[in-house]
Amino acid sequence: MAVVFIGCDDDETKTDDLQASEIGLNLSTALTGSNLTQENGTGVYWNETYNLDPDVKYTSGYFTFSHTADYYPPTGTMDEYWYWDGFVPSTINDITFYQTGTAWAKNQWGCMEAATLSSSSSLNPFLVCYWSSYSDAKTGPVANDAFSESTYHLWVRFNKDNDIKSFAADEISVAFHPWTYYNVTETDPQGITRPLNQPKDSLTINIYGVKDNKFTGRSVIHPLVHVDKGIKAEDSRAFQSVDISALGEVDYIVFQMSSSATNDWGITTATYFCLRDFYIIGNPE
């Protein structure tokens with residue numbers, strides 16, 4: 001089986017035969033060029049993050065990643081009232097434990113992998129992933145539930161072309177985002193959420209397949225924390241591989257999250273994670 005990395009300037013690596021090919025996301029060019037980056041001291045992140053154009057989404061080869069931005073009057077200031085969800089490319093290695101939601105909103109571009117590296121190490125490009133638990137049409141979609149790009153807010157679309165006619169899920173790698181990590185390991189200074197350290201506590205990334213604009217009923221549930229199974233947050237600071245081949249043939253993959261820390265309005269844990277590697281199988285027929 002050929003391995004094809006998509007997203008670099010040279011696309012001559014595409015397979016010429018009629019065999020299924022493993023296609024890997026390449027983020028190496030995600031944050032290059034003065035029009036594609038936003039300086040932030042400890043790295044860079046996508047300067048389209050707060051672009052209100054609904055058609056602006058990060059795309060690399062066969063992969064398109066959801067993105068939504070909005071702002072809330074009266075002031076519309078970037079610091080407190082601007083909003084985004086979806087995926088944002090970043091290289092920022094900031095893992096500071098910020099004490100307020102406002103401070104986190106200004107500094108939400110890091111990845112806990114930096115805690116496993118030397119202090120001087122820079123991070124390879126990754127995607128900051130934010131799921132708005134209040135925005136999706138349904139939490140925990142089941143087989144034959146309708147899907148559209150406007151009613152779900154954390155999805156990846158796989159783009160067909162003359163060479164590739166269908167896709168099957170294969171593998172991804174994920175890691176903790178700092179805001180989420182400190183939510184589940186430390187006492188929240190604002191008292192909004194709580195650590196996940198009690199029996200039955202868990203935090204999961206829930207991954208669903210979509211085909212022909214309907215959920216297939218196949219899912220992969222990946223635990224970032226599961227107290228009863230001995231899965232600790234520290235285990236997912238660095239990127240961990242996740243086998244998603246059980247999703248089978250897909251046009252889209254949708255991500256959601258679940259936490260045992262909730263209140264009357266829903267999840268209180270910050271619903272972020274980081275994603276880097278992404279492999280799919282491309283089929284020519």
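Predicted model: local features only at pLDDT ≥ 70, side-chain atom pairs only at ≥ 80, totals over all residues.

Visitor: How many aromatic pairs does a search of the whole structure find?

Guide: Rings of Phe, Tyr and Trp (its six-membered ring) pair if their centres lie within 6.5 Å; planes under 30 degrees apart count as stacked, over 60 as edge-to-face and the rest as tilted. Searching the whole structure on this basis gives a total of 34.

Visitor: Which kind of aromatic pair do Tyr98 and Trp104 form?

Guide: Their ring centres are 5.2 Å apart, with 75° between the planes. Buried means under 20% relative accessible area, exposed over 50%, and partly exposed in between (1.4 Å probe, protein chains only). Tyr98 counts as buried at 17%, as does Trp104 at 4%. The pair is edge-to-face.

Visitor: Which kind of pair do the rings of Phe158 and Phe167 form?

Guide: Phe158 is buried at 4% relative accessibility, and Phe167 is buried at 1%. The centres of the two rings lie 5.8 Å apart and the planes meet at 40°, so the pair is tilted.

Visitor: Which residue's backbone nitrogen does the side chain of Ser173 reach?

Guide: Ser173 lies in strand β11 (residues 166–175); strands (E, at least two residues) are DSSP runs, numbered from the N terminus. The residue is buried, with 2% relative accessibility. At 2.9 Å, the side chain of Ser173 reaches the backbone nitrogen of Asp277.

Visitor: Is Ser132 buried or exposed?

Guide: Ser132 sits in the loop between β9 (126–130) and β10 (155–158). Its relative accessible area is 5%, so Ser132 is buried.

Visitor: How many of the residues of strand β12 are buried?

Guide: Ser202, Thr204, Asn206, Tyr208 and Val210 point one way from β12, Leu203, Ile205, Ile207, Gly209 and Lys211 point the other way, and all are buried. For β12 (residues 202–211) the count is therefore 10 of 10.

Visitor: Over how many bridges do β12 and β16 pair?

Guide: Two strands pair if DSSP finds at least two bridges between them. The antiparallel pairing of β12 with β16 (residues 252–259) extends over 8 bridges.

Key. Residues numbered from 1 in each chain as written. Heavy atoms only, no water. Helix = DSSP H or I, 4+ residues; strand = E, 2+ residues; numbered from the N terminus. Polar contact = N/O pair within 3.5 Å; in protein donor to acceptor, adjacent residues only side chain to side chain.
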